[in-house]
Amino acid sequence: MIIILFGKREKNEYFQEKLTVNEAINKAHTSENAMLIDCRTKDEFNHGHVAGAVNIPLDKITEDRILRRFPDKETSLYIIGSYNFRPEKAVKAFKKLGYKNAIFGGNMEEHYGMLKNKFLPIANAFYMEIHPNAFATEL
């Protein structure tokens with residue numbers, strides 16, 4: 001049996017790797033020259049985020065800002081977001097700026113859901129308790 005899968009491809013780009021938020025956290029924290037980027041709004045980020053993530057809202061991804069923050073275009077950028085502030089759009093914006101190692105890192109709603117199922121009825125309360133804003137950074 002031969003199975004052929006077709007998918008929409010952007011011009012001259014290969015299919016991008018898609019990770020869960022947990023996979024992105026693990027890769028960003030265990031890889032050299034890697035960053036975890038949260039592309040949600042500042043308000044969403046402040047309501048709960050991954051410790052060590054850099055908040056770069058989707059509308060703030062500009063060439064000047066990004067080149068100042070990440071001059072090495074070989075840096076692996078694991079980009080997490082939400083259903084409203086899609087990491088796919090941020091990945092595309094970073095790739096357009098020449099960052100070939102921009103990788104989809106999942107949606108926080110799915111991550112909160114995993115925490116909710118494991119710990120508390122309100123995942124955000126648990127998440128902020130474990131990951132305080134002391135680790136938060138914003139571009």
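Glu-88 sits partly exposed in this predicted model, with a relative accessible area of 26%. Its salt-bridge partner is Lys-18, and the closest N and O atoms of the two are 3.9 Å apart. That contact still counts because the cut-off is 4 Å. Follow the chain between these two and you'll see that the pair links distant parts: Lys-18 lies in the segment before helix 1 (21–30), Glu-88 belongs to helix 4 (residues 87–96), and 70 residues separate them. Lys-18 itself counts as exposed, at 51% relative accessibility.

Now head for a buried pair. Asp-38 and Arg-40 form a salt bridge too, with their closest N and O atoms 2.8 Å apart. Asp-38 has a relative accessible area of 0%, so it is buried. Arg-40 comes in at 2% relative accessibility and therefore counts as buried as well. Why would charged side chains pair up at all? Those of opposite charge can do so when their charged atoms come close.

The next stop is helix 3. Here the side chains of Asp-64 and Arg-68 meet in a salt bridge, at 3.2 Å from N to O. The two residues are 4 apart within helix 3 (residues 63–69), so about one helical turn separates them. Are they buried or exposed? Asp-64 is exposed, and Arg-68 is exposed too.

How values were computed
Residues are numbered from 1 along each chain as its sequence is written. This is a predicted model: local features need pLDDT of at least 70, side-chain atom pairs count only at pLDDT 80 or more; totals for chains, interfaces and linings use all residues. Side-chain values use heavy atoms; hydrogens and water are left out. Buried means under 20% relative accessible area, exposed over 50%, partly exposed in between (1.4 Å probe, protein chains only).
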